[in-house]
Amino acid sequence: MPEAGESTTDRRQRLTEYLGEVLTADDKNDLIEIINLALSVSPPVGDPAVLEGLARTYRRQVDDIADVQRRVRHVADTGIPDAWVGSTGGLAAEVVMAAADSADAMEQAFEAAAKALMHLADELTAAQSQDKRGREQLRDALGMLGGEDGFFDDLVEKDAEEAERLRARSVAGNGVSNLRSAAETADDAARAAARDLNKLASEARAGQMKTDSISAADKLLLADTSAGDPADDPAEWNELLTANDLERSGRAMERMNARDQAKMEEMLAEAGSPQERAYLMKALAAGHDLKEVEGFRDKIHDKDPDWLRRHLTPVTTAGDSMRDDGRVPSGGYKGANANSDEQWFHDAKWEQEGNTCVPSSVVTGRAMVDPVYALGLTGGRDGKEDDADAFTERLRREQLRLHEEGDGLNEYEFPFGGDTPAGMAPEGGATIANKEISPHTGGEYAYQETGSANARRDVLPDIEKSVAEGRPVPITLDGPDTDEGHAVMIIGQEGDMLQVYNPWGHTTWVSEDDFVHGRMDKAANSTLPDATGVHVPAE
Amino acid sequence: MRKALATALLLPTAAVALTGCGLFGPTTYEPEERAAIEVDAGEEFTLSVPANPAIAEYWYLVKPHPDRDVVERVGKRLETEPSDPDVIGDGDGTLYFDFKGVRPGTTEIKLLHCPAVVCTGTKDNPEPHPTSSMYAPVPTATGTPGNDPAYFIYKVTVR
């Protein structure tokens, strides 16, 4: 009988243990006990036929969507006269372009969902078949062994009995091995499907904004607006409003009284660009009230998209950022991905000063979710500054403020250097993440140790769901050759790749497998391969 | 605010051990002493530079390499200081470039300082350099290493 609440990770872990025990069992009764324990682990659950049916339903929709997509793209490519539509001033041409992009995305999403479900069905079929084969082998092994020995039977094992036991052990070993492979196949396939489907759900972006104050046309436009440089940064990796932003800003609009709603709509209508409009909504999503959004608007109004990106989006993702250029061979970055995106404000990086990786990650994390805060750092009190040195000075001060807020350790620099930061405990990291990021995204953080591959595999779906929705996830890196640790932040996910911001001032991509199996040095250096702790955001 | 008292108490001892009094080994020179280093032929000496692992700070010996008839390269060592394992992001370290005076003469040793910046050789340019085009390191006169890559040039005279 399967144990209640048995997780897929439990299953593969238990079967790995049983496999080791079967292969070393030198007693008939022990072998019988282990075989029965292995048989008590539940087989992979799920109905492949239902999954295939769902996949076919999604695939049938693709043709209809493709037809819509072709027609909308034709209108977008042909061009239409300048005219204002929507309640907040989106240009008709922009709206049609956004609709075409949205139709493209929808076609791809349905195709991807069908593929994910079909893949899951195939893998589950294979896993269940392999599991069945393994169980038959285990039952055969039990048949070969017969009943358990009594006390006196157990005292002497004849040669023939030993030979039969060893043969049964070999058959049982193959059986448990099949059960384990089946559990791994089903577990990996289910995680991959959950990851892909969660990501696709978060990409149904315009639908996240549940408010009547914004027209469907404007929702499309807002969801389609990119923060990146069109020349280098793909729009789909640099969406200005995350799924969480769209949902929170819609809710904020709904909570406003009629007068405030009208004011907000007026600001949106008067915005100088789609980017300005989206940043106003992002400020609203970050929890700022109408008065604060008005003040923010006054500072950014009519600024060009480059100025807005530079001042309000600390991290952008280049189109070639996933290319594998190998690893840095030596030096301070030994083992790191050679391909990384350094994150600049003019010629100053969004990087830590001194031993402040924990607060520095959180400062950049907050700046990513709260454009009003980002502008305070880049543009100063009046929001008008555009100077790298002044930015660096403000960034340093803010890193130190959070260092104090998180009760960071300080050390005295002998003889007259004064106090300098000397790291922070994980509890301090949780404190500042909750004070600085949570109020602007809506999800509290809880620190979770992830010292093993299984623990990291288990936490992955939570991480991926969070970053797909736009909530950064701070993590701790460590390794056997160091005792200092390092704080970085997972900020994005595409397929089985995770994007990591390192407060040394860069972002790079690692695979899920790298995260689970101790190859996070790709995001830092060879002394820091293991993700040993994660600040997991709650819903 | 918490303070690392143990580290503070250890620092004076460490400072004596690291600075160039010659009691415990080769004379050691800090970056601010690089303008005029004088050693005897056959004498070993060390250039000591800060290399904080918490910010991936590192130094590279770059071309033009010192005249081999004047000084000989002996080796390179990185020493990091232990920190509290329950604390994230603490770290301190020192990189030592060891040399030996060969024959009387004067030469220069050029080090590239890279704080939190990827510096490495590439196929086209095997000499370590910042991989980002945003950096164009130049020789600096400052004593304290800063936040951008820079060259530190040590002038060494062997007596």
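This is a predicted model: local features need pLDDT of at least 70, side-chain atom pairs count only at pLDDT 80 or more; totals for chains, interfaces and linings use all residues.
A residue is taken as buried if 20 or more other C-beta atoms lie within 10 Å of its own, as exposed if 12 or fewer do, and as partly exposed in between, with C-beta atoms placed from the backbone. Neighbours within four places in sequence aside, A:Leu280 is in contact (C-beta atoms, placed from the backbone, within 7 Å) with A:Met267, A:Leu268, A:Ala271, A:Val293 and A:Arg297. In soluble globular proteins, nonpolar side chains tend to be buried together.

Residues are numbered from 1 along each chain as its sequence is written, and chains are lettered from A in the order in which they are written. Local features need pLDDT of at least 70 and side-chain atom pairs count only at pLDDT 80 or more, whereas totals for chains, interfaces and linings use all residues.

Helices (H or I, at least four residues) and strands (E, at least two) are DSSP runs, numbered from the N terminus. Helix α2 of chain A, residues 28–40, has 13 residues and should span 18 Å at 1.5 Å a residue; its end C-alpha atoms are 19 Å apart, which agrees. The expected span is 1.5 Å times one less than the number of residues. The buried residues of α2(A) are A:Lys28, A:Leu31, A:Ile32, A:Ile34, A:Ile35 and A:Ala38. These residues lie on the same side of α2(A), because they cover an arc of only 165° around the axis, the arc being that of the directions from the helix axis to the C-beta atoms. Their cover includes α1 (8–24), α4 (92–145) and α5 (159–203) of chain A.

Between the chains, 40 residues of chain A are in contact with 33 residues of chain B. On the chain A side, two or more residues each come from α12 (357–369), β6 (409–413), α15 (426–436) and β10 (486–494). The largest share, four residues, comes from β6(A).

In chain B, B:Ala35 lies in the loop between β2 (27–29) and β3 (37–39). B:Ala35 counts as exposed because it has 10 C-beta neighbours inside 10 Å. B:Ala35 and B:Ala136 are 101 residues apart in sequence and 22 Å apart in space, C-alpha to C-alpha.

Key: Two residues are in contact if their C-beta atoms, placed from the backbone, lie within 7 Å.
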